[in-house]
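Let's take a walk through this model together. Have the viewer open and follow along.

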Amino acid sequence: MHLSKKCSVFKVVLSALLIVALLQLIYLSFLSKFHGKQQRYRYSELFGGSGGKKIAHPEKNSRKERLRYSLSTGGIFDNSGQYRVYKNLIKSDFTTNEKPGSESNVLALATHTTINNLHQLESLLERWQNPLSVAIFAHGQDVKFATALVYALSFFCPQIQALVDFHLVCLSGEMASFPEQDREHFAGLEDCSSVFSRLESHRDKYKNYAISGNISYPNNLLRNVARGGTESSYILVIDIDMMPSADLHQQFLAMVMKRDPASEEVFVLPAFEIRHARKIPATKAELVQLYQVGEVRPFYEELCPRCQAPTNYSQWVNSHVRGTGNLEVAYTLPWVDPWEPFYIGPRTVPLYDENFKQYGFNRISQACELHVAGYSFSVLSSAFVVHRGFKIQGEFHPRKDEENKRNRVLFRSFKEALKTKYPSSTRRC
């Protein structure tokens, strides 16, 4: 009798477990179908409906058609014929709707990157919050990946839709294609944060300029493409792993409204680098505090201290420490070799020389030309840029020194060519 009761209890427990297991299977099946339906819906949203169904988001579909048109042009070749350029691959709402001469179009930020550093766009745009032009270099399979992910960014991220223009550069023998068939790139993408998470997972594919297949990173071509992608009166060109001081756009606009800048004047932003663990300072007061305890130091202090020393960091740090709240010119400096400052310049400044690729002399060559062309260098009182992480020896790709040597030879011939380009100038580099 006692044994019979035990068997009955066992049967009840076993039945209950079977029922629970069955319910779990039904629930998991439901979740799987729901997730699949959700993914199909997301994919349908990304690329529009089929079979004549009404499109739920006509503005999104318009973005898709603009991307399809940009790709259908096949891009254009750069002057060397080595690279294919898709200018305005994806246009922001700002660029699409901008009115010439608008006050909101005074200053834009231009930057460049490979797809493995594009995740840094999130924090850069959060700080900048104004028009931004991004030139992306992609090679091989990354051409498809870049096309798909920038489209996803423009689709899922409202602030990117509003403010960011994307341009794509690849080798001339490669072509970007509409990513409609590349569903694997979109799996799991449901919102803006999921797109940046996908980009974050791609971040360590290359180390600095060490792109697979010994492909040269055309940094100056990318800078020019990003610059050419904006109609703003003034442009700040920085690398994507740098961050400008907070409220720079508004402060600069207020400054130029009060003064009449010279036609041949650029506005220098002192450049710093910060330990990786530290939060990027927003204001000069915050930066000076970190500078005084060694958590922030001049950009390239370990690799090339002479390249930024003419900025005169001690004068800048000790001036306007209390701050008036207004951005102004602190002092004006003559250019001296080998200064390569980051600056806000009018859109009419000379382009970067696209013969310089990879590491070395790509920015100093342009600063040198500004000097020969007669530009003055005015250092701003409280604006700055900060590089994420200290630049240290040993963190660069193996061919850095070889590239630097090649570009040094190129720089010598570049300086000679400036004498012909500016025959009436008495300035030399």
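What follows goes from a helix to a strand, then to some aromatic rings and finally to a serine.

First, the housekeeping: this is a predicted model, with local features needing pLDDT of at least 70, side-chain atom pairs counting only at pLDDT 80 or more, and totals for chains, interfaces and linings using all residues. Residues are numbered from 1 along each chain as its sequence is written, and side-chain values use heavy atoms, with hydrogens and water left out.

Start with helix 5, residues 142-156. Helices here are DSSP runs of H or I with at least four residues, strands are runs of E with at least two, and both are numbered from the N terminus. From first C-alpha to last, the 15 residues of helix 5 reach 20 Å, close to the 21 Å expected at 1.5 Å a residue; that expected span is 1.5 Å times one less than the number of residues. Helix 5 is also mostly covered, with 14 of its 15 residues buried. Buried means under 20% relative accessible area, exposed means over 50%, and partly exposed is in between, using a 1.4 Å probe and protein chains only.

Now move to strand 9. In a regular strand, side chains alternate between the two faces of the sheet. Strand 9 has both faces covered: Ala271 and Glu273 on one side, and Phe272 and Ile274 on the other, are all buried. What does strand 9 pair with in the parallel sense? That's strand 14, over four bridges, where two strands pair if DSSP finds at least two bridges between them. Phe272 stands opposite Val386 in strand 14. Strand 9 also pairs with strand 10 (residues 296-298), this time in the antiparallel sense over three bridges, and Phe272 has Pro298 as its bridge partner in strand 10.

Phe272 takes us on to the rings. Rings of Phe, Tyr and Trp (its six-membered ring) pair if their centres lie within 6.5 Å; planes under 30 degrees apart count as stacked, over 60 as edge-to-face and the rest as tilted. By that rule there are 18 aromatic pairs. In one of them, Phe272 and Trp316 have ring centres 5.6 Å apart and planes at 45 degrees, so the pair is tilted. This pair links distant parts of the chain, with Phe272 in strand 9 and Trp316 in helix 11 (residues 313-318), 44 residues apart. Trp316 counts as buried because its relative accessibility is 0%.

Trp316 has another partner in Phe384: their ring centres are 6.4 Å apart and the planes are at 75 degrees, so this pair is edge-to-face. Phe384 sits in the loop between strand 13 (376-380) and strand 14 (385-388), so the pair ties together parts 68 residues apart in sequence. Phe272, Tyr291, Tyr313, Trp316 and Phe384 form one aromatic cluster.

Last stop: Ser133, in strand 4 (residues 132-137). Ser133 counts as buried because its relative accessibility is 1%. Its side chain makes a polar contact with the side chain of His167 at 2.7 Å. A polar contact is a pair of N or O atoms within 3.5 Å; within protein, one must be able to donate a hydrogen and the other to accept it, and residues adjacent in sequence count only if both atoms are side-chain atoms. The backbone oxygen of Ala226 also lies 2.7 Å from a polar atom of the Ser133 side chain.
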